[in-house]
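Please keep the sequence and the model at hand while reading.

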Amino acid sequence: MKGTKPAYFPELDDVLQAAQTISEISEVTPLTESIRLSKQYNCQVRLKREDLQRVRSYKIRGAFNKISSLTEEERAKGVICASAGNHAQGVAFACFHLKIKGTIYMPSVTPKQKVEQTKLFGGEWVEIVLEGDTFDDASLAAKAFGDSTGKIFVHPFDDPKIIEGQATVGLELISQSKTPIDYLFVCIGGGGLASGLIGVFSQLSPNTKIIGVEPKGAPSMKTSIEAGKVVALDHIDKFIDGAAVKKVGSLTYPICNYYLDNMITVDEGKACQTILDLYNRDAIVVEPAGALSIAALDEYKEEIEGKNVVCIIGGSNNDITRTAEIKERALLYGKLKHYFIIRFPQRPGALKEFVVDILGPTDDITHFEYSKKSSKENAPAVVGIELKHPEDLKPLIERMKTNNFYGDYINDKPDLFEYLV
């Protein structure tokens, strides 16, 4: 425990009431052992499958609990929310079920699959507005619209009723686990789920170590904890949209700061590789944010050996059109995908020479952009090469240089990389 004890804390009685409220619509999701991960880390790894909820994420719990708590007068005004996808679907489902009008603001970059699912769950009871590039942009627009219309703003994480609804995941976990849970890994975006879990576990299983996990490109909670106050990030990587927020909550920060055992970040590429592993080896479909808790296990492999470990899989709302980008990020993270500027001599057979003499037997060209300049002796091309093993990179570069093909390596030059690739 560190910092100042939070003024608001999710009490057990309130969480039990939330569990009663959402029981009519929320699934009791399974807690299943992962044989593969248990063998890999020499411990018992179990997955809390919130990806199997009715809206394919835990967000339905908090959204339904909050909207159900509104007075008749507030319900008549209607609700408004901002979300990158999962909270939007929870709110949409609650609006349809409770027959309350809702306006849902989503970032313009939200995967199409999440937008379509939100429309599906809300039907004629919700209107969707695409606004801004990030959750924070959409949130500002939603709050402004709510202020001007009197609609009730349903915050995705910084609200007691939301936190208490998400906390019901913890109640289920403790009732489902026959043995004490030593480590609990949870993804953190704004901190609503983590705060709810802390509320339950601090009272019912205080010896459980709770580890918060954020994307490396959006470390809003980690940055705030290190600074000792809520910090708004200037820029974030929006790829893990379910956990990419610039600023955590004023309610969730004190809870996480005081109670979390640790707060770590995971590279987006590592999360992508975890998505592919879960799909290819376990037939489990997760979204990037849903993979973070499992992707964090490598950092704790020594501490968790022989322990009982639970990872929360928060959601499975992944758009299949993102598969190519997910694979690309995973390959880049694993040092198996490399981009070069190659100088091709302007003579017949140069490309054939590159393929036959420069590439290794298992190397594969996956990207090729060539621009011939008649006034130059060597014409540049941007070439992407996928390797079988990371250690194949050094001899590949040496062959390029020896044969005068090497121009530049651009993986480690982000500005040039984004411009050319």
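How much area do domain 1 and domain 2 bury between them, and what share of it lies on carbon and sulfur atoms? In this predicted model, the two domains bury about 1500 Å² between them, with 55% of that area on carbon and sulfur atoms. On the side of domain 1, the residues that lose the most area to domain 2 are Val 55, Asp 241 and Asn 317, which together make up 32% of what that side buries.

**Domains and their interface**

The chain is divided into domain 1, which is assigned residues 12-58 + 159-321, domain 2, with residues 79-150, and domain 3, with residues 335-420. Taken over C-alpha atoms, the centres of domain 1 and domain 2 are separated by 23 Å. In terms of contacts, 17 residues of domain 1 meet 18 residues of domain 2. Six residue pairs are in polar contact between domain 1 and domain 2, counted with both residues at pLDDT 80 or more. The residues on the side of domain 1 that touches domain 2 divide into nine charged, five nonpolar and three polar. Two salt bridges are found across the interface of domain 1 and domain 2.

**Salt bridges**

| Pair | N to O distance |
|---|---|
| Asp 241 and Lys 114 | 2.7 Å |
| Arg 61 and Glu 50 | 2.8 Å |
| Lys 119 and Glu 116 | 3.9 Å |

As a general point, side chains of opposite charge can pair when their charged atoms come close.

The side chains of Asp 241 and Lys 114 meet in a salt bridge, and this pair links distant parts of the chain, with Asp 241 in the loop between helix H11 (220-227) and helix H12 (252-259) and Lys 114 in helix H6 (residues 112-122), 127 residues apart. Asp 241 has a relative accessibility of 11% and therefore counts as buried, while Lys 114 is buried with a relative accessible area of 1%.

Lys 119 and Glu 116, which form a salt bridge, are three residues apart in helix H6, so about one helical turn separates them. Lys 119 counts as partly exposed because its relative accessibility is 44%, and Glu 116 is partly exposed with a relative accessible area of 38%.

Is Lys 270 buried or exposed? Lys 270 has a relative accessibility of 18% and so counts as buried, the cut-off for buried being under 20% relative accessible area. Lys 270 lies in helix H13 (residues 268-282). When its neighbours within four places in sequence are left aside, Lys 270 is in contact with Ala 295, Asp 298 and Tyr 333.

Note on methods
Residues numbered from 1 in each chain as written. Predicted model: local features only at pLDDT ≥ 70, side-chain atom pairs only at ≥ 80, totals over all residues. Heavy atoms only, no water. Domains from an automatic or database assignment. Contact = heavy atoms within 4.5 Å. Buried area = accessible area lost by both parts, 1.4 Å probe. Salt bridge = Lys/Arg side-chain N within 4 Å of Asp/Glu carboxyl O. Polar contact = N/O pair within 3.5 Å; in protein donor to acceptor, adjacent residues only side chain to side chain. Nonpolar A, V, L, I, M, F, W, Y, C, P; charged D, E, K, R; others polar. Helix = DSSP H or I, 4+ residues; strand = E, 2+ residues; numbered from the N terminus. Buried < 20%, exposed > 50% of the residue type's maximum accessible area, 1.4 Å probe, protein only.
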